[in-house]
Amino acid sequence: MVQINHKLTSLGRELETTSDALGQLAVNNDLLNDSNGLRQQIQEQGYLFFRGFFDRDQVMAVRNFMCRKLNTAGLLDPNYPAIEAIRRPETNIRLTPNLADNNPKLMRLLYSGSMIDVYHRLLSGPVRHFDYTWCRTISPGHGTKPHCDAVYMGRGTPRLYTSWTPIGDASYEDGGLMVMEQSHRIDRLRNHYCRKDVDSVCSNRKTEDGSMKKKDPNFGALTYDPVGLRRNLGLRWLTTEYEAGDLVIFTIHTVHGSLDNHGARIRLSTDSRYQRADEPADDRWISIHGKPPTKHGENSQRKMIC
Ligand SMILES: O=C(O)CCC(=O)C(=O)O
Ligand SMILES: [Fe+2]
């Protein structure tokens, strides 16, 4: 049994806590200055986890800025300091892209200094990042469905990595990222599910409103049952309690999702993406001729006959 004194659920399902079903993320701080070690470890493990990677105060300054924005938008309970991110009962948000706007402290945290340094070491070459930052604001309730990032950003190099950065502490009650151990090595997933593209549409099939039918109605979710998935694959979910300053890096073939939020606060985190600058980039997520990324949706559709 893994000693966790809080009920852990994902999508409302209680995670099994036997040691063959659940584990802690391994801490890789010893590899921080070791290029070969970083590369080998991510190949073997599918992720890297660093405690106290960032200066806590720097992360908390970003949190402060984001919470003030949420508060100004009327989303937080005015009876608490904004930095606590206690939501109003009617607030139900998950992704708040504008938290990245006019946010130089966040840009510095994610796209300069130690983050770029670690990617230089991991990629042994020039680094580029996507020009879009995912700002997650997961309200109490369900976490994120198990998925691989490849299905959302797989049009460029497969050597693309996600950084998951908690913007504040995330206890088991708040929930946080969970990673399926060794899932990046499953050929069946790499060769089928991971090759999906959520912006694919069937040009020969129309929906009732006349738009082209989406090829994947689940918009990239691998499953809605994180417990059943674990049993089927026979692998473990790995997670931990995160603190401001921690960082997880993982591959676009690593299955991950997140724990449900059982607290009263909104869980704040960002995902940001990095690759070698001399490899092709998925054009949905980069700015071209000064125009913002097209992201998902109509301007990013890939039309096919199906
Ligand atoms: O924070 C979450 O709930 C999910 C994060 C995620 O999917 C990612 O970082 O790619
Ligand atoms: Fe993801």
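Student: Is Ala100 buried, exposed or partly exposed?
Tutor: This is a predicted model, and every value here is computed from it. Burial needs 20 or more other C-beta atoms within 10 Å, and exposure needs 12 or fewer. Ala100 has 17 C-beta neighbours inside 10 Å, so Ala100 counts as partly exposed.

Student: Which residues is Ala100 in contact with, leaving aside its neighbours within four places in sequence?
Tutor: Ala100 sits in the loop between α2 (56–72) and α3 (104–111). A contact requires C-beta atoms within 7 Å. With neighbours within four places in sequence left aside, the contacts of Ala100 are Leu106, Thr133 and Cys135.

Student: How many Å apart in space are Ala100 and Thr270, C-alpha to C-alpha?
Tutor: In sequence, Ala100 and Thr270 are 170 residues apart. In space, the C-alpha to C-alpha separation of Ala100 and Thr270 is 9.2 Å.

Student: How many residues of β14 are buried?
Tutor: β14 covers residues 267–276. The strand is mostly covered, and of its 10 residues the number buried is 9.

Student: In which sense do β5, β6 and β7 pair with β14?
Tutor: Strand β5 (residues 127–129) pairs with β14 over 3 bridges in the antiparallel sense. β6 and β14 share 5 bridges, also antiparallel. β7 and β14 share 6 bridges, and the sense there is again antiparallel.

Student: Which strands each supply at least two residues of the shell around ligand 1?
Tutor: The residues around ligand 1 include Arg136, Ile138, Thr162, Trp164, His256, Ser258, Ser269 and Asp271. The strands that each supply at least two residues of this shell are β6 (134–138), β7 (161–166), β13 (256–258) and β14 (267–276).

Student: How many residues of the shell around ligand 1 are charged?
Tutor: Gly143, Thr144, Asp149 and Leu177 are also among the residues around ligand 1. The shell has 3 nonpolar and 6 polar residues, and its charged residues number 3.

Student: What is the strand order of the open sheet that contains β13?
Tutor: This open sheet is formed by 4 strands with mixed pairing. Its edge strands, each pairing on one side only, are β3 (22–24) and β13. The twist averages 30° from one strand to the next. The order is β3-β11-β8-β13.

Student: Which residue in β11 is the bridge partner of Met180?
Tutor: Strand β8 (residues 177–180) and strand β11 (residues 237–239) run antiparallel and are joined by 2 bridges. In β11, the bridge partner of Met180 is Trp237.

Student: Do β9 and β15 run parallel or antiparallel?
Tutor: Strand β9 (residues 200–206) is joined to β15 by 3 bridges. Cys202 stands opposite Met304 in β15. The direction of β9 and β15 is parallel.

Student: How many Å separate the C-alpha atoms of Lys7 and Gln40?
Tutor: Along the chain, Lys7 and Gln40 are 33 residues apart. Their C-alpha atoms are separated by 34 Å.

Student: What radius of gyration does the protein chain have?
Tutor: The C-alpha trace spans about 50 × 45 × 40 Å along its principal axes. A compact globule of 306 residues would have a radius of gyration near 19 Å. The protein chain agrees with this, at 19 Å.

Student: Among contacts between residues at least 6 apart in sequence, what percentage join residues at least 24 apart?
Tutor: The protein chain has 7 helices and 15 strands, and 41% of its 306 residues are buried. Of the contacts between residues at least 6 apart in sequence, the share joining residues at least 24 apart is 79%.

Technical notes
Residues are numbered from 1 along each chain as its sequence is written. Chains are lettered from A and ligands numbered from 1 in the order in which they are written. This is a predicted model: local features need pLDDT of at least 70, side-chain atom pairs count only at pLDDT 80 or more; totals for chains, interfaces and linings use all residues. A residue is near a molecule or strand if its C-beta atom, placed from the backbone, lies within 6 Å of it. Ala, Val, Leu, Ile, Met, Phe, Trp, Tyr, Cys and Pro count as nonpolar, Asp, Glu, Lys and Arg as charged, and the others, Gly among them, as polar. Two strands pair if DSSP finds at least two bridges between them. Two residues are in contact if their C-beta atoms, placed from the backbone, lie within 7 Å. The radius of gyration is taken over C-alpha atoms; the globule rule is 2.2 Å times the number of residues to the power 0.38. Axes are lines fitted to C-alpha atoms, for helices over the stretch in contact, and angles run from 0 to 180 degrees between N-to-C directions.
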